[in-house]
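I opened a new notebook page for this chain.

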Amino acid sequence: MKTRLSAFALALPFALTTVTGCSMTDNNSDEIPSAGTSTSRDASDAMEKLSSTIYDLIDVKGKGSDSRPGVLDCSGKDTKTYFRIFHPWSFYPASASDLSDAMERLKTELPKNGWKIVEYGPDTSKNKNINLTADNDTKKASINIVQMAKNDPPKLSLTVISGCYRVPDGQEVERF
């Protein structure tokens, strides 16, 4: 458990740097787009629903991990007022041979559902995992998907992350 958590802790900053949604902005800058006004809980629920729609796009027998979203700061903004939501989860196909099918389905279906693929290909790891990063300008969200074929068991590792939310007036960001 500690090894997995440590690996996650090391991978999260990389994933979040990769999935910053640079092309989610209207002006092609590196600024993280505004996702509107919301409480942390409502934004978290929205990210879970978005993850659920992505799960449905996979359309391959298997199961998803049971994980909850978390809250992040918006770089350069007041941490009591602004936040982002990230939702890391995994998909385990019923058969290892279905892993590539699951990734191919996402590569095909995401663009049909409002996502723009901004990066696709092998990473620099020893395993040459396939990475897919996509942005959804309408949802003000990004996703990074890593096909981990050499894991035991093989899986897709997915991280959905929002743009910057602002809490309603008179409220503060709830951390979880």
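My entries follow, from the whole chain down to single positions.

**Ground rules**

I am working on a predicted model, where local features need pLDDT of at least 70, side-chain atom pairs count only at pLDDT 80 or more, and totals for chains, interfaces and linings use all residues. Residues are numbered from 1 along each chain as its sequence is written, and side-chain values use heavy atoms, with hydrogens and water left out.

**Whole chain**

I counted elements and found 3 helices and 9 strands in the protein chain. Here helices (H or I, at least four residues) and strands (E, at least two) are DSSP runs, numbered from the N terminus. Read from the N terminus, the order is α-β-α-β-β-β-α-β-β-β-β-β.

I then checked burial. Of the 176 residues, 41% count as buried. Buried means under 20% relative accessible area, exposed over 50%, and partly exposed in between, with a 1.4 Å probe and protein chains only. The accessible surface comes to about 9700 Å², and carbon and sulfur atoms hold 50% of that. Those areas come from the Shrake-Rupley method with a 1.4 Å probe.

I also looked at contacts, meaning heavy atoms within 4.5 Å. Among contacts with a separation of 6 or more, 64% join residues 24 or more positions apart.

**Helix H2 against helix H3**

How do the axes of H2 and H3 cross? The axes of H2 (residues 40-58) and H3 (residues 99-112) come within 8 Å and cross at roughly 115 degrees. Axes are lines fitted to C-alpha atoms, for helices over the stretch in contact, and angles run from 0 to 180 degrees between N-to-C directions. I noted which residues meet: Ile-54, Leu-57 and Ile-58 from H2, and Ala-102, Arg-105, Leu-106, Glu-109 and Leu-110 from H3. This contact divides into 6 nonpolar, no polar and 2 charged residues.

**More on H3**

I listed the buried residues of H3: Leu-99, Ala-102, Met-103, Leu-106, Glu-109 and Leu-110. Their cover includes H2, strand S4 (82-93), S5, S6, S7 and S8. After H3 comes Gly-114, with a positive phi near 90 degrees.

Ser-40 sits in helix H2. Ser-40 counts as buried because its relative accessibility is 3%. Outside four places in sequence, Ser-40 touches Val-71, Phe-83, Ile-85, Val-173, Glu-174 and Phe-176.

Thr-81 lies in the loop between strand S3 (70-72) and S4. Its relative accessibility is 16%, so Thr-81 counts as buried too. Leaving aside neighbours within four places, Thr-81 contacts Tyr-165, Arg-166, Val-167 and Val-173. I also took a C-alpha distance: Thr-81 and Cys-164, 83 residues apart along the chain, are separated by 10.0 Å.

Which two residues does a cis peptide bond join? They are Asp-152 and Pro-153, with omega about 5 degrees. Pro-153 falls in the loop between strand S7 (141-148) and strand S8 (155-162).

Lys-128 is not a glycine, yet its phi is positive, about 55 degrees. I placed Lys-128 in the loop between strand S5 (116-122) and strand S6 (130-136). Lys-140, also not a glycine, has a positive phi of about 50 degrees. Lys-140 is in the loop between S6 and S7.

How values were computed: Nonpolar A, V, L, I, M, F, W, Y, C, P; charged D, E, K, R; others polar.
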